[in-house]
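Reader: Hi! Could you walk me through this one, starting with whatever term I need to follow you?

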Amino acid sequence: RGRKFGIALVDPRRSDRNPSSPHIFSLRPPSAMVPRMRPGPISLAALLALGACRREAPAGKPVATAPPPAPSVVAPPQLSAPPSPPRVDEGALRTEDERNTIAIFRTAAPSTVFVTQLRLVVDHFERVAAEVPAGSGSGFAWDDRGTIVTNFHVVQGARALNVTLSTDKTYPARLVGAEPRKDIAVIKIDVPPGTLTPLRVLDPKEVLQVGQKTIAIGNPFGLDHTLTTGVISALGRQVVGAGGVTIRDMIQTDAAINPGNSGGPLLDSAGNLIGMNTMIFSKSGSSAGIGFAVPSRVIARVVPQIIATGRAEELGFGIEIDPNQRAERRLGIKGVIILNVLKGTPADAAGLRGVTLSEEGVVLGDIVVAIGKSLVSNYDDFYNALDEHRAGDQVEIKVLRGGQVISARVSLVTVGTAPQ
C-alpha cells in the first residue's frame with residue numbers, strides 16, 4: 001500500500017522466474033526491473049549535451065538571467081610609419097661618364113683659383129682714392145709653392161692682384177712675368193708649401209684628337225669653380241691674341257666658356273691639363289659654343305722660362321726688325337725688312353744685309369720672305385715660324401734682295417726676351 005508497482009514480463013529463460021508457476025507472471029518494482037547502465041563515451045556526451053541545454057523555469061517564476069557583459073573597449077589602431085624604401089646606391093645609378101666628371105672635378109677644383117684685378121679709383125671731389133675690383137678671371141696652380149698661371153689679358157694693366165683659393169682664402173699676388181704673344185702670365189702668392197696642388201700637364205708626345213672629352217673649370221661672371229663639359233671641336237686654330245700676334249695650334253672646344261673663364265684649365269678625361277681657356281667667338285659676349293684654349297705644350301715651354309727669367313725667350317738669328325712694320329706698310333712690302341745685322345751672329349756669318357744709307361737716301365737690304373717651310377709675309381708669320389723651332393736648330397732662310405730670292409742657312413739662337 002502506498003507503493004507503486006510496475007508490471008514486467010519475466011523471461012522464462014531467466015533464473016528469476018517463479019519455478020512453481022512457470023507460466024504465471026510475477027510483479028516486481030520498476031527499479032528492480034531496470035538494468036543499471038554504466039557510463040560510457042556515448043552517455044557522457046549525452047549528459048554534457050543535456051547540461052548545455054537551457055532549462056525552462058516553471059510558470060510564474062522569473063527567469064534568472066546573467067547580467068549583460070560590459071561592452072569591450074577596442075583600442076584604436078596604431079599608426080605606424082610607412083616602410084622605408086630600400087636604400088639605393090646613387091653611385092651605381094650614375095653613368096661611367098658622370099663618375100669620371102665628378103672624380104676629375106674633385107681632384108682639379110682645389111687647383112683652380114679666382115684672380116681679381118684691382119685698380120685705383122680717385123674721387124677728386126671727395127679727395128679720396130680706393131682700390132676697386134676692375135676685372136676677374138681664373139687661374140690654376142703650377143706648383144705647390146704659390147705659382148699661378150693665368151692669361152695675360154686677365155692681369156694686363158692691373159695695379160694690384162688678389163687670388164682666392166677654393167678654401168675662400170684670399171691672398172695678394174704679384175706679377176712674375178708674361179708672354180703677351182701667347183697670352184700667358186705667371187703670378188705668385190705667398191703660401192706655405194703644400195697649400196696648392198699642381199695640375200698634371202699632358203705629355204707633349206700625346207696627340208689630341210677631335211671628339212675627345214673636355215672639362216673646363218673657371219669663374220664665369222664671378223661664379224667660382226663652375227664646371228662645364230664638351231668635346232674638342234677642332235685643332236690647329238689660329239686666333240689673334242692679346243699681344244697682337246696670332247696664337248697658332250689653339251684648341252677649339254664647345255664646352256661653355258664665358259667672361260671670367262679666362263685663365264682656367266681645360267682638362268681631358270684623365271684629368272690632364274690640355275690647355276688654358278683664353279677666349280670665345282661670340283657676337284653677344286657670352287658662350288656660343290666656340291671657345292679657344294692655348295695648348296698645354298706651349299704653356300709647358302713658356303712658363304718655365306718666365307719663372308726663371310721673368311720673360312719668355314725669343315729665338316732669332318741676329319737681325320733687328322720692326323714688329324710694328326711701319327716701313328713695310330708704308331711701302332707696301334710683303335715680308336719682314338732686315339733693319340740691321342748684328343756682328344758675330346749667324347745672320348752676319350750667312351752674309352745677310354740690313355738697311356744702309358747712301359747719298360740717294362735709305363737703301364733697303366734683305367727682306368725675309370720664308371723661314372724653313374713657312375712663308376713670311378708679315379711679323380706674325382715671322383714670329384710663329386721661329387716659334388716652331390728650338391735654339392740650335394739649323395733652318396733655311398729665304399730673303400728678297402734686288403728682286404731676287406737668295407737662300408741662306410743659319411743656326412737659331414736665343415737673342416733676347418719678349419717685350420712686355
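Author: Happy to. A residue counts as buried when its relative accessible area is under 20% and as exposed when that area is over 50%, with partly exposed in between. By that cut-off D387 is buried, because its relative accessible area is 17%. One caution before we go on: this is a predicted model.

Reader: Thanks, noted. Which residue does D387 form a salt bridge with?

Author: With R301; the closest N and O atoms are 2.8 Å apart. D387 sits in helix α9 and R301 in helix α6, 86 residues apart, so the pair links distant parts of the chain. R301 has 18% relative accessibility and therefore counts as buried.

Reader: Nice. How many salt bridges does the structure hold?

Author: There are 13 salt bridges. One of them joins the side chains of D381 and R248, at 3.0 Å from N to O. This pair also connects distant parts of the chain: D381 belongs to helix α9 (residues 379–387) and R248 to strand β11, 133 residues apart.

Reader: And D381, buried or exposed?

Author: Buried, with 16% relative accessibility.

Reader: What does R297 pair up with in a salt bridge?

Author: R297 forms a salt bridge with D249, with 2.5 Å between the closest N and O atoms. Here helix α6 (residues 296–309) is linked to strand β11 across 48 residues. R297 is partly exposed, with a relative accessible area of 41%, and D249 is partly exposed too, at 37%.

Reader: Strand β11 keeps coming up. Why is it largely enclosed by the rest of the structure?

Author: Because seven of its eight residues, in the run 246–253, are buried.

Reader: Which strands does β11 pair with?

Author: Strand β10 (residues 226–240) pairs with β11 in the antiparallel sense over five bridges. Strand β14 (residues 291–295) is also antiparallel to β11, over three bridges. Q252 of β11 is a handy landmark: A234 stands opposite Q252, and Q252 stands opposite F292 in β14.

Reader: Switching topic: how far does α6 reach from end to end?

Author: The 14 residues of α6 reach 20 Å from the first C-alpha to the last, close to the 20 Å expected at 1.5 Å a residue. G310 follows the helix, and its phi is positive, near 85°.

Reader: Which residues in α6 are buried?

Author: They are S296, V298, I299, R301, V302, V303, Q305 and I306.

Reader: Okay, cores. Which residues touch the most other members of the largest nonpolar core?

Author: Of the 25 residues in that core, F140, V149, I184, L267, I299 and V303 touch the most other members. The elements giving two or more residues to this core include β11, β14 and α6. Helix α6 gives the most, with five residues.

Reader: What does L267 touch?

Author: Leaving out residues up to four places away in sequence, L267 touches I104, A108, L199, K213, T214, I215, I217, N272, L273 and I274.

Reader: And which residues does the second core include?

Author: That separate core has 22 residues, among them F317, F382, Y383 and A385.

Note on methods:
Residues numbered from 1 in each chain as written. Predicted model: local features only at pLDDT ≥ 70, side-chain atom pairs only at ≥ 80, totals over all residues. Heavy atoms only, no water. Buried < 20%, exposed > 50% of the residue type's maximum accessible area, 1.4 Å probe, protein only. Helix = DSSP H or I, 4+ residues; strand = E, 2+ residues; numbered from the N terminus. Pairing = 2+ DSSP bridges. Salt bridge = Lys/Arg side-chain N within 4 Å of Asp/Glu carboxyl O. Expected span 1.5 Å × (residues − 1). Core = buried A, V, L, I, M, F, W, Y, C linked by side-chain atoms within 4.5 Å. Contact = heavy atoms within 4.5 Å.
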